[in-house]
Amino acid sequence: MANESRSQTKKNPVAGFFGALGKDLKEIGLTFKEGDWKTRISFVIFGFGSIFRGLWLRGAGLLAVEAFLIWFECSFGFEYLSKLGTLGTVATTKKGRTTVYGDNSFLILLFGLLALFAVLAFIYVWRLNLKVSRREQLTLKAGKKLPRNRDDWKSLFDGHFDKTIMALPVTGVFVFTVLPIVFMICVAFTNYDANHQPPSNLFTWVGLENFKNLFSFGTAGFGGTFMTVLLWTLIWALFATFIDYVLGIAVAILINMKGIRFKKLWRKILVMTIAVPQFVSLLYVSKLFASDGLINGYLLKWGWIDTAIPFWTNPTLAKITIIVVNIWIGIPYLMLIATGLLMNIPEDLYESARIDGASPWQMFRHITMPYMLFVTGPFLLTQYTGNLNNFNVIFLLTQGAPKTGNLVGGAGRTDLLITWLYKMTINDTNYRMAAVIGIMVFIVTAAISLVVYQMLPSVKDEEGFQ
Amino acid sequence: MKKKILAVLLATAMVGTMAGCGSEGGETPAPAETPAATETPAATEETPAATETPAATDTADTADFGSGEIKVWVAENVVDFTKEQIDNFSAAHPEYSGYTYVVEAVGEGDAAGNMITDVTAGADIFGFAQDQLTRLVTAGALEEVNPDYVPTVEAENAAGAVAAGKVGDTLYAYPMTADNGYFLYYDKSVISDPSTLEGIVADCEAAGKSIYVDLTGWYQVAFFFGTGCTLTYDTDDSGAFTKCNVDYASDKGLVALKEMIELASSTAFQPGSSAGDAVNYAAIIDGTWDAGTVKDVLGDNYACAKLPTFTGSDGNTYQMSGFNGCKLLGIKPQEDANKLQVCDDLALYLTSEEVQLARFEAVQWGPSNLNAQASEAVQANEALAALSEQFAFTVPQGNYPGDYWTRAESLAGDVQDSFKSASDDDLKAALEAYQADLQSYAK
Amino acid sequence: MARQTSMKKKRAVGNFFSYVLLILISLIWLFPFFGLLMQSFRSYDPAVEYGGMVDYIIPHTFSLDNYRFLFDGGTNYLRWYLNTFIIALFVSIFNTIIVLCVSYALSRMRFKGRTFLMRFWLILGMFPGFLTMICLYFLLKQVGLTQAGAVPGLILVSVASSGMGYYVCKGYFDTIPKALDEAARIDGASRARVFLTMTLPMSKPIIIYTALVAFMGPWCDYVFASYVAFGHDKSYNVAVAMQRWMVVGDYQGYFTRFCAGGVCVAVPITILFMCLQKYYVEGVTGGAVKG
């Protein structure tokens with residue numbers, strides 16, 4: 001989405017990038033040419049200029065970062081970085097009966113990437129350090145006063161308060177989200193699976209082989225299965241989102257109706273499904289619907305049915321049951337949201353409709369729904385993408401069952417992409433294909449979001465809300 | 001004061017930068033630094049014990065085995081038992097006094113999965129069911145059995161159990177039990193004659209009770225092998241599958257498949273093989289490990305028998321077959337020879353005659369040790385008697401690829417669903433596809 | 001007059017059907033919880049009753065055996081419960097702090113790369129979380145926060161990525177008039193001061209909402225938690241430990257004990273949730289409108 005908007009503002013992003021790069025290089029040259037000795041030494045020793053101009057706080061900061069990054073690269077960064085091309089060559093060997101582990105491809109890839117990021121950070125801080133030094137030099141040259149250390153310190157809580165409070169969250173997201181995601185994207189281009197499991201075995205780059213496998217439609221290829229699972233994922237998310245949405249609003253209206261008492265009690269009863277942890281409630285519900293579960297048991301006992309209803313073993317019925325159970329989970333959530341929003345609908349709209357003789361259903365269709373849809377458009381979108389990845393409901397209810405020989409890779413009829421990915425990771429340690437599926441999930445989610453997001457009226461103007 | 005701080009800072013930066021340049025550009029310092037650098041992250045992976053031991057071995061004579069921690073993963077219900085036995089072991093081996101032992105409850109299925117995910121963090125000694133063996137060997141999570149102990153293990157244990165621990169000609173694990181098979185538990189008051197499947201199903205239907213039969217990979221062979229089909233895989237020494245011997249796509253296979261479908265179509269049928277989850281049943285095909293649970297439910301009506309016979313769609317009568325397999329105890333690859341020795345001895349001890357008998361006493365796991373098998377107590381056990389009667393009709397479980405179990409589960413799904421209304425031709429085609437898939441797992 | 005009574009009658013009939021519907025819905029909604037509670041009172045002692053699956057709801061004899069089993073030290077249930085509580089508590093505190101910081105910066109300050117960061121995080125959020133489990137596991141392992149160190153490890157991972165969940169809170173901050181900030185700044189208050197003494201005190205509902213959601217999350221986390229604990233029994237949280245009673249074959253007849261354990265988890269959380277429901281509604285409604 002970032003690219004999208006950038007290309008809207010600038011005609012040609014590639015030319016724009018190279019233009020900016022050229023300008024930057026020119027300025028770096030200028031910094032050196034026009035720089036005094038303090039600025040020039042800053043090219044090697046970060047923050048040197050600042051320190052010798054008395055601004056030791058920012059200077060020391062820059063220097064500390066340089067020292068840390070160099071220490072990191074020297075102590076083990078470069079070692080891993082250099083092996084990134086092969087992901088290790090030294091195999092594990094036996095010495096007598098003891099094992100001597102060779103290269104660990106996993107750690108090489110992980111730390112290699114980290115070292116790569118550290119190099120980028122180094123370049124960035126280097127550039128920052130040059131900018132700072134040049135700015136200070138020019139300020140002095142113009143006869144103005146430099147800020148004092150105290151001002152630097154104070155600005156961390158005022159002008160630069162954003163940097164202070166964002167530093168930790170951004171670092172956290174980088175280490176525990178960005179790095180792992182980049183790592184797994186790389187894994188999609190390797191042969192990391194059960195037969196290439198570090199530390200005993202090496203894994204290596206295989207190019208696009210895994211993607212070819214995903215789109216091969218032969219007997220052993222993943223193509224057919226992927227399409228089946230993808231289709232069900234999309235359908236499921238559609239049903240799960242919209243049925244819950246409409247029914248949730250309906251229940252909210254029901255409770256809000258004039259003359260209904262104990263409104264709070266009804267809401268509290270419904271809200272139980274949000275409060276009780278799903279691994280308890282859904283696991284219990286899954287047993288409830290089993291062919292030997294309580295529901296079938298009682299129906300049989302009462303003689304309403306002769307054979308158990310195959311809630312989880314018949315593919316179509318299993319899908320329906322999942323959607324129905326999800327209503328049980330979803331309605332309370334939407335009921336809460338709708339309750340708040342319904343209050344905001346101007347009452348006179350309903351009044352005039354009533355005078356025109358509109359039935360409650362007509363009012364619901366022509367007033368309530370359009371209003372709700374307009375207000376909650378973006379929310380529906382996040383609900384939809386959330387349901388695409390709704391792991392808990394599927395995994396706790398069916399674990400993807402019923403299985404069939406028509407699907408490969410251990411996928412079942414009710415598996416979503418996300419539960420299939422989970423099975424590949426946990427049961428088969430087939431990380432290469434899991435990574436490919438993960439990327440596909442991302443592409444599907446991103447594509448849907450992008451298309452729908454553009455169509456929504458209420459998200460265009462972010463500043464407008466303030 | 002300010003100047004001094006500056007000087008210090010500068011000095012640090014200079015050193016830092018120079019060191020940086022040195023290893024970046026210069027060739028000389030790099031090799032000297034590298035080994036140290038690579039060792040640091042490696043060492044952090046080890047348990048503290050492992051890093052201590054090399055120091056100990058340097059000065060040690062033969063009697064000193066250093067120190068360390070040995071982690072053992074076993075099923076929940078034998079944790080306490082295993083702890084006791086390990087206490088006995090360390091009392092008998094004062095030379096290993098430097099070692100401490102940790103026993104954790106990790107189910108056999110999870111254990112194998114975890115060992116494959118991260119062998120360095122996994123247990124040193126762990127129990128697992130035989131079907132995980134090749135997977136563990138290929139992933140490098142199993143050390144070979146000490147060659148000095150192989151003759152002992154081979155001599156003391158049943159031949160089938162020893163074969164179960166082998167990939168190619170190499171023994172990778174110590175046999176712990178030889179009861180990994182299944183037979184029939186039934187309710188005496190409901191089922192008059194447990195010898196035919198048709199009779200059992202009819203009795204269950206009449207009484208409104210269920211019969212639980214699992215149709216997934218490990219259990220469905222009871223039908224296929226029963227009609228005379230075969231399914232085995234050949235492996236090379238590394239655990240890679242080289243050849244699949246299968247004849248499911250045949251008339252015999254069709255008879256077996258149709259029998260499964262017929263069973264699954266009965267109103268009394270329920271899928272599953274775990275007694276704790278089964279409801280209102282009069283018959284269940286399950287293993288010895290659930291004997292206690294079944295006894296609790298059926299009480300005085302508890303009874304066991306070998307699996308029944310069934311009359312196939314071709315009119316012939318077949319005896320249900322199945323696998324007979326073992327639970328094994330394995331050691332993960334070790335980087336320290338002393339620790340490996342301790343693990344070897346401990347694993348040998350935990351699978352010895354004495355401990356197997358004690359384990360039988362404690363949790364009724366059927367021993368693989370020949371002497372233990374012959375003991376009176378074992379012979380008198382009802383469930384084990386039914387199992388050994390059934391074993392006459394079963395096939396020793398060899399090595400199967402992980403994909404087999406996954407694919408077989410899919411077949412089970414189809415049997416309970418789309419196959420019920422399929423024609424013979426459809427079923428034949430499905431068997432062809434099944435066979436082709438099974439063959440594709442061997443390369 | 002006659003028309004009014006007929007209206008009243010009509011309304012009464014309508015209300016009657018509404019009540020019937022509501023009672024029906026309530027029964028459906030409560031039935032699983034009722035079943036869960038009932039099963040938790042069925043003894044697992046074979047001398048009394050049976051702890052596995054059965055085909056009736058109301059136990060023949062009510063007993064507290066399952067609860068006794070949980071708390072008498074035979075299992076580590078208390079330990080698991082405490083682990084989960086510690087994780088939930090710390091995650092709740094730290095997540096709230098981080099979310100507030102990020103939201104404030106993104107809502108009030110305009111800095112270089114702000115929109116890029118927001119877009120970038122939005123895109124990151126589209127990657128499925130399970131994808132990176134194996135990588136996170138090894139990252140944590142490098143710093144010794146798996147197995148015995150799983151509890152701090154789980155807190156770390158959860159807190160580290162919490163900045164990305166700023167949407168609802170930022171939306172709330174956006175509704176606080178900027179003019180208030182500006183006035184205080186003209187009087188010489190720093191950004192930090194404005195944040196701490198003005199914005200935060202006005203944000204009680206959103207703080208409670210954020211903390212509540214963060215607190216409830218860890219009680220359900222079993223996939224990643226079991227990965228990180230890696231077989232180390234003492235590091236399990238309740239979800240991981242109890243999940244085994246349902247799915248691992250070694251635990252036969254643990255069903256009623258699972259139910260009892262589930263009740264013990266559900267009751268305090270439900271009470272907490274009910275008490276703070278008002279704030280929760282405010283949070284989700286605001287979030288829904290803002291997207």
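**Touring chains A and C**

Start with chain C: the centres of its domain 1 and domain 2, taken over C-alpha atoms, are 33 Å apart. This is a predicted model, where local features need pLDDT of at least 70, side-chain atom pairs count only at pLDDT 80 or more, and totals for chains, interfaces and linings use all residues. Residues are numbered from 1 along each chain as its sequence is written, chains are lettered from A in the order in which they are written, and side-chain values use heavy atoms, leaving out hydrogens and water.

Select 2-68 for domain 1 of chain C and 75-290 for domain 2; the bounds come from an automatic or database domain assignment. Their contact (heavy atoms within 4.5 Å) takes 12 residues from domain 1 and nine from domain 2. About 940 Å² is buried there, meaning accessible area (1.4 Å probe) lost on putting the two parts together, summed over both.

Now show chains A and C together. Chain A brings 98 residues to the contact and chain C brings 100. Between them they bury about 8900 Å², with 78% of it on carbon and sulfur atoms. Pick A:F176, A:F279 and A:Y284 next: they supply 9% of the area chain A buries against chain C, more than any other three residues.

Last stop: zoom in on A:D158 and C:R185, whose side chains meet in a salt bridge (2.5 Å, N to O). The count between chain A and chain C is one such bridge.

Key: Salt bridge = Lys/Arg side-chain N within 4 Å of Asp/Glu carboxyl O.
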